[in-house]
Amino acid sequence: MSTMSGAITLGHYLALSGFLFIIGLAGVLLRRSLLIVMMSLELLLNAANLALVAVGRFQGLPDTQVAVFFVITVAAAEVALGLAILVAIFRIKKTTAIDSMANLRF
Amino acid sequence: MEQIFFWSLAVGLLTAASAVIVLRNPVSSAVCLVVGLVFQAALFVTLEANFLAAVQVIVYAGAVMVLFLFVIMLLDVKEEARRPMVWSKVLGVILGVAVAVLGVPRLVASFPASQKTLVWGESKTSGAAQDLGTLLFTSYAPLFLVTGVLLLVATIGVVVLCRRDPAP
Amino acid sequence: MIAYAPYLILLLPLFSAVGIRLFLHPFPKVAVTSSVLACFLSFVGSLLLLGAGTPSGGMAAPMVPWIEFAGLKANFGLVADPLARMMAALVTGVAFLVHLYSIGYLAKDPSRSRFFGELSLFVFSMLGIVFADNLVTMFIFWELVGLSSYLLIGFWFARPAAGAAANKAFLVNRIGDFGFILGILGTWSLFGTIGFADLPSRATAGAAGWAVTAVGLGLFCGCLGKSAQFPLHVWLPDSMEGPTPVSSLLHAATMVVAGVYMLIRVLPVLELSQITMTTIAWVGGIMTLLPALIACQQNDIKRILAYSTLSEIAYMVMAVGLGVTGPAMYHLMTHAFFKCLLFLASGSVIHGCHEEQDIWKMGGLNKRMPFTYLVTWIGTIALCGIPPVSGFWSKDEIFAATASHPGLAVVSMLAGFFTSFFMLRMILVAFGGNPRGEGAKHAHEGPPVMVVPMLILAVLSIFSGLFPVQAFLGGGHEGHHDSWTLWVSLIVALAGFVPAYQIYAGVNQDPLSIPWLRGKFYIDEFYQRVLVAGQDGLARLADAFEGWVVRGFIVRGSGVMARAAGQGLRLVQCGQVQIYAAVFIVGAILLVGWLLRNGAWK
């Protein structure tokens, strides 16, 4: 691992993306509130975007930026729908705790 | 120069992300997420993807997160209750952090391409809107159109989902 | 025209049987008439056939093709060679007399239409055996005869004993038939034919010795079942549950001798193996003595005669085993007459004593039923082989054949001794002394329709010794009279009367008590304990297996296992999204790690 005075490499960006992904993962798996879980999902997506842009910049691939564009768009659509569902559930359950939404079981 | 910007922005991003998953008040989490997204946009700029940085701020931080905050305010979500700090949870966190810190850099270093260094101005790709737009409308035109349809469907879906049942 | 005669003789009783079964049950008089008429016409036809053909020539009726493929020709054909003609005349003649007798015996029975229908069926089946020209046709009629016997033994089916006896007869016969089938198949596979005409030429000693012996013994099994020889003899005494005409016709004169007839037909096969012949001779030999001993302690008049039948058939079987079929057929013929006579006489006694069958409840019948008494004496003399009556000549020829086998000679002469003993016992107890029971006090003779057949049979019993049986056997296998066996057998037979007279003259209860003889050597009990219980045990084992393994383990077990798997897999569906996500992530990490290891992104 290079020191603070070494050049920034692709590896740095990828490592940063990895850490961000792990933080997002922790949030998705461990938080009780559905809202926080959805925000952590956004973190996951952002980690992926970062990795995409970095690799595209270092390897000379402009197509990755197009991919990021699409990811952002789809993430927006997904958030809209997810929040709509959350609102619908909240009207019935009166809470955003995930534990109370475990009806689809055996 | 590259190093200063990278390290500061990286630290900021990670801090904001950690804050999102740690704080109990959803509004605080949302605001921290906005901050994180802005840091991310700045990182895009260091990678010479300017247009994408703009898109990130406008769409992601500006629209998506605003939507989040709207919903939080609408539902008047309360702060989450404190949960007891058990020693097993602390141990798990420490363990997880250790694994991540030790494992990720090694994993990344195993790729030969990750030795390439960052020098501003030497990018073979341009991050300008014009070039990105050309790609979007020529090579990826079908996908672009499909994404448009996707957004339409999402809109309709949201409207349907949020209707109240008619009163009996 | 004359070529179709066998078919006519065969089918007339069948028409009678079918007609009665379908239409005539409500009209007993019509049924009786049609059955008797059919039998009479068959008898007339047999007599004509007897006289028409040359004594030595055969006559094959046209055959109906049935099974014909490479290697096996089993067509439905009838042959009227001299042996068949003689046997047909005998069968139809005795059957006709029994038909007449039954008119009187069953005059008050409400189901007599059914009885006569079944009698006609029996005559048809028996003639089928007689006229058959190959083993397969004979087997079909063999089974039909078994069926008729079952129906007739169980005629009074409301009585549990009758039903059980009918079952026993059929089942024991079936066991013998199993061996018979194996013998037929063996004959076909070894010699390539099952037709009686082909057997003498095809049955050569080319095949392996043990195979020929096995085939011969298999065929003998059929005889064991049908003619009730050891160890399948147990059904005949029980078959006395049927009406007396049935006992006299089927189980004395005709059906039980079908086994002997069959052995004579397949003799070329049997003669190929000395072991088979010796076995047949010794089984016959032992079987002459065994029932004779048992009969000495029996108290039911019909049972006594049944055991005597077993003994006499054994004489015929022994003769066949010794290779002399002439004396066997001769004795078959004379036995048919006097045994049928004895049974009809016993029927007359039972009928006269109002359905009493125990000889110790009879007595004093010599004065009340003199005619029956006389014909019983005639029959007894014929049975015991006292000259100049027919039975003496036929039995003596068989004794002559045993001259070269001292063991068999001793056994069969001992049997003769005991035969005289128990027959005189029967006469003295049933007819002599004073009446011991209510029925006996009011005994009377039967109507003429019962008396006349007995009269005819008595005459035949006396004079049938003169019939030239040899002429109808187509040469060879003839018997002759040696002088020493003639005298020895006569002395032994007469000697049997002496102790019987001394013990049983004028007594009112049996002074002798020999449990082993009264219990029929406990063979039935042995079968029940060992074979039936063994079969039961096997059935229970199979049931346990089915219950535990098939029903429990396989059927319910597969259900249980499916359920358990379901229960186990169910736990995966916890409903909590975060758990699903965690599993997903773990899987993804493992997958990516595996790919990296295998150099996917180098």
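Student: How many bridges join strand β1 of chain C to strand β2 of chain C, and do the two run parallel or antiparallel?

Tutor: Strands pair if DSSP finds at least two bridges between them. Here β1(C), residues 64-69, and β2(C), residues 72-76, are joined by 4 bridges and run antiparallel. Phe69(C), for instance, has Leu72(C) in β2(C) as its bridge partner. The two strands form a hairpin with 2 residues between them, and Gly71(C) in the turn has a positive phi of about 100 degrees.

Student: On what basis are these elements and residues labelled?

Tutor: This is a predicted model, in which local features need pLDDT of at least 70 and side-chain atom pairs count only at pLDDT 80 or more, while totals for chains, interfaces and linings use all residues. Residues are numbered from 1 along each chain as its sequence is written, and chains are lettered from A and ligands numbered from 1 in the order in which they are written. Helices (H or I, at least four residues) and strands (E, at least two) are DSSP runs, numbered from the N terminus.

Student: Is β1(C) buried or in the open?

Tutor: A residue is buried if 20 or more other C-beta atoms, placed from the backbone, lie within 10 Å of its own, exposed if 12 or fewer, and partly exposed in between. Of the 6 residues of β1(C), the number buried is 0, so this strand lies largely in the open. For chain C overall, 51% of its 602 residues count as buried. Chain C contains 25 helices and 2 strands.

Student: How is the packing of two helices described?

Tutor: One gives the angle between their axes and the distance between the axes. The axes are lines fitted to C-alpha atoms, for helices over the stretch in contact, with angles from 0 to 180 degrees between N-to-C directions. Helix α14 (residues 301-321) and helix α18 (residues 390-401) of chain C have axes that come within 10 Å and cross at roughly 40 degrees. That angle makes α14(C) oblique to α18(C); angles under 35 degrees count as roughly parallel, over 145 as roughly antiparallel, 65 to 115 as roughly perpendicular and the rest as oblique.

Student: Which residues of α14(C) and α18(C) meet?

Tutor: Contact requires C-beta atoms, placed from the backbone, to lie within 7 Å. Tyr315(C), Met318(C) and Ala319(C) of α14(C) meet Lys395(C), Ile398(C) and Ala401(C) of α18(C). These residues divide into 5 nonpolar, no polar and 1 charged, where Ala, Val, Leu, Ile, Met, Phe, Trp, Tyr, Cys and Pro count as nonpolar, Asp, Glu, Lys and Arg as charged, and the others, Gly among them, as polar.

Student: At what angle do helix α1 of chain A and helix α4 of chain B pack?

Tutor: Helix α1(A), residues 10-30, packs against helix α4(B), residues 87-109, at about 140 degrees, with the axes 9 Å apart. α1(A) is therefore oblique to α4(B). Their contact includes Gly11(A) and Phe19(A) on one side and Ala100(B) and Pro105(B) on the other. By class, the contact has 9 nonpolar, 2 polar and no charged residues.

Student: How many residues of chain B are in contact with chain A?

Tutor: Chain B places 65 residues in contact with 61 of chain A. α3(B) supplies the largest share of the chain B side, 12 residues. That side has 46 nonpolar, 13 polar and 6 charged residues.

Student: How many residues of chain C are in contact with chain A?

Tutor: In that case, 10 residues of chain C are in contact with 10 of chain A. Helix α25 (residues 577-597) gives the most to the chain C side, with 5 residues. The chain C side divides into 5 nonpolar, 4 polar and 1 charged.

Note on methods
Two residues are in contact if their C-beta atoms, placed from the backbone, lie within 7 Å.
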